[in-house]
Amino acid sequence: MESVPGSCLCGRLRFSVPLPSLWVAHCHCTLCQKNSGAAFVTWAGFKEADVFIEDAEQVLRWYSATENAYRGFCSHCGSTVFFKSARWPGELHIPVVNLHGPLDKAPQVHVNWSSHQPWLTQTEQLPRKD
């Protein structure tokens, strides 16, 4: 099975995810906005049982912002690296930017669009600059 490695900002929390991914989506919910400090987070979904997390006991911590939903983060650098919820049992969601290689699919949908930032419009048509 092909896999893609990933990590937090400082690299102490490392993991690998199996391909194929279940889905990839841009989430615009207010909790993702506040947690990331960005207009949206691009998440990829995986079967939780198939994700390998290296030395999780050392640095992985979980925060519950809402009932039955948890955000996993690195206790050293604070990076959010995981999300899981009773709403999607058996899945582990990972921000695409924390992966160190390409996924098998591009983002497929914008979710929670009703809470998107009003200044964010037609992101796919904006010019790109380096």
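In this predicted model, two residues are in contact when heavy atoms of theirs lie within 4.5 Å.

Q: Which elements make up the protein chain, and in what pattern do they follow one another?
A: The protein chain has 2 helices and 10 strands, and read along the sequence they give the pattern β-β-β-α-β-β-α-β-β-β-β-β.

Q: Why are strand 1 and strand 5 called edge strands?
A: Strands count as paired if at least two bridges are found between them, and in the open sheet of 3 strands, with the order 1-2-5 and antiparallel pairing, strand 1 (3-7) and strand 5 (52-54) each pair on one side only. Neighbouring strands of this sheet are turned by 20° against each other on average, direction ignored.

Q: How do you know that strand 1 and strand 2 pair?
A: The definition asks for at least two bridges, and 5 bridges join strand 1 to strand 2 in the antiparallel sense, so the two strands count as paired. Within this pairing, V4 stands opposite V17 in strand 2.

Q: What makes strand 4 mostly covered, and which strands pair with it?
A: A residue is buried when its relative accessible area is under 20%, and 6 of the 7 residues of strand 4 are buried. Strand 4 pairs in the antiparallel sense with strand 3 (residues 23-27) over 5 bridges, where A25 has W43 as its bridge partner, and with strand 9, also antiparallel and over 5 bridges, where K47 has E91 as its bridge partner.

Q: Which residues touch the most other members of the largest nonpolar core?
A: They are L13, V17, F82 and I94, in a core of 20 residues. Among the elements that give two or more residues to this core are strand 2 (14-18), strand 4 (41-47) and helix 2 (56-59). A second, separate core of 7 residues includes C32, V41, W43 and F83.

Note on methods. Residues are numbered from 1 along each chain as its sequence is written. This is a predicted model: local features need pLDDT of at least 70, side-chain atom pairs count only at pLDDT 80 or more; totals for chains, interfaces and linings use all residues. Side-chain values use heavy atoms; hydrogens and water are left out. A nonpolar core is a set of buried Ala, Val, Leu, Ile, Met, Phe, Trp, Tyr and Cys residues joined through side-chain atoms within 4.5 Å. Buried means under 20% relative accessible area, exposed over 50%, partly exposed in between (1.4 Å probe, protein chains only). Helices (H or I, at least four residues) and strands (E, at least two) are DSSP runs, numbered from the N terminus. Axes are lines fitted to C-alpha atoms, for helices over the stretch in contact, and angles run from 0 to 180 degrees between N-to-C directions.
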